[in-house]
Amino acid sequence: MKRVAQFFKVSTELFVKAMREEFPQYTEEDIRDMYESLMLPRRATKGSAGYDFFAPFSFSLPPGATIKIPTGIRAKMDEDWVLKIYPRSGLGFKYRLQMNNTVGIIDSDYFNSDNEGHIFIKMTNDSNEGKTVEVAQGTGFAQGIFLEYGITVDDDADGVRNGGFGSTTK
């Protein structure tokens, strides 16, 4: 098995800033406690392809609702690899929990961005059965899979990333 990546926490300051922007109901002390409790993504079994991402706080998502979660996590990986983020299979199956962008793509150069490569996960409960998703703090809610990729023989990309969503097409 190739070992191509490592997970880290973003800085405390960056996590506090992101949480304050998305969830102003939490105090700075609450957020710092969440940060201290953050768990790095990990596989549940030696045969698992996906690394579980754990909820930094408890949340409830009724049908049709969307949530943008600052995970507090960043991923350093080899250059020719990508981290793809999906909902955990059970949550997708039971609730139709879906990524808003269908699949999250974390490029290897995102790690060095000004935002420290902070991974945000935006999901929607697309239940057509009226089911509310309840996720407790510390529970796996998404999974990331590292995949190797190739490029075309005539590729001449030389841009440098400095940002997150949509930053490379501006």
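**Close-up views of a predicted model**

View 1. Helix α2 (residues 28–37) has as its buried residues Ile31, Met34 and Tyr35. Seen down the axis of α2, these buried residues fall within an arc of 100 degrees, so they line one face of the helix; the arc is that of the directions from the helix axis to the C-beta atoms. An α-helix has 3.6 residues a turn, so residues three or four places apart point the same way. Exposed residues Glu29 and Glu36 are carried by the face of α2 turned away from its buried side. The cover over the buried residues of α2 includes β1 (5–9) and α1 (12–22). Buried means under 20% relative accessible area, exposed over 50%, and partly exposed in between (1.4 Å probe, protein chains only). Helices (H or I, at least four residues) and strands (E, at least two) are DSSP runs, numbered from the N terminus.

The model is predicted: local features need pLDDT of at least 70, side-chain atom pairs count only at pLDDT 80 or more, and totals for chains, interfaces and linings use all residues. Residues are numbered from 1 along each chain as its sequence is written, and side-chain values use heavy atoms, with hydrogens and water left out.

**View 2. The open sheet.** Four strands, in the order β2-β11-β6-β8, form an open sheet with antiparallel pairing. At its edges stand β2 (51–54) and β8, each with a single partner strand, so one side of each is left without a neighbour in the sheet. Neighbouring strands are turned by 30 degrees against each other on average, direction ignored. Axes are lines fitted to C-alpha atoms, for helices over the stretch in contact, and angles run from 0 to 180 degrees between N-to-C directions. Two strands pair if DSSP finds at least two bridges between them.

**View 3. Strand β6 and its partners.** Five of the seven residues of β6 are buried, so this strand is largely enclosed by the rest of the structure. Strand β6 (residues 81–87) is joined to β8 by four bridges and to β11 (residues 140–148) by seven bridges. Val82 has Asp107 in β8 as its bridge partner, Ile85 has Gly104 in β8, and Trp81 stands opposite Glu148 in β11.

**View 4. Surroundings of Asn115.** Asn115 lies in the loop between β8 (104–107) and β9 (120–125). Its side chain makes a polar contact with the side chain of Tyr110 (2.9 Å). A polar contact is a pair of N or O atoms within 3.5 Å; within protein, one must be able to donate a hydrogen and the other to accept it, and residues adjacent in sequence count only if both atoms are side-chain atoms.

Technical notes: Contact means heavy atoms within 4.5 Å.
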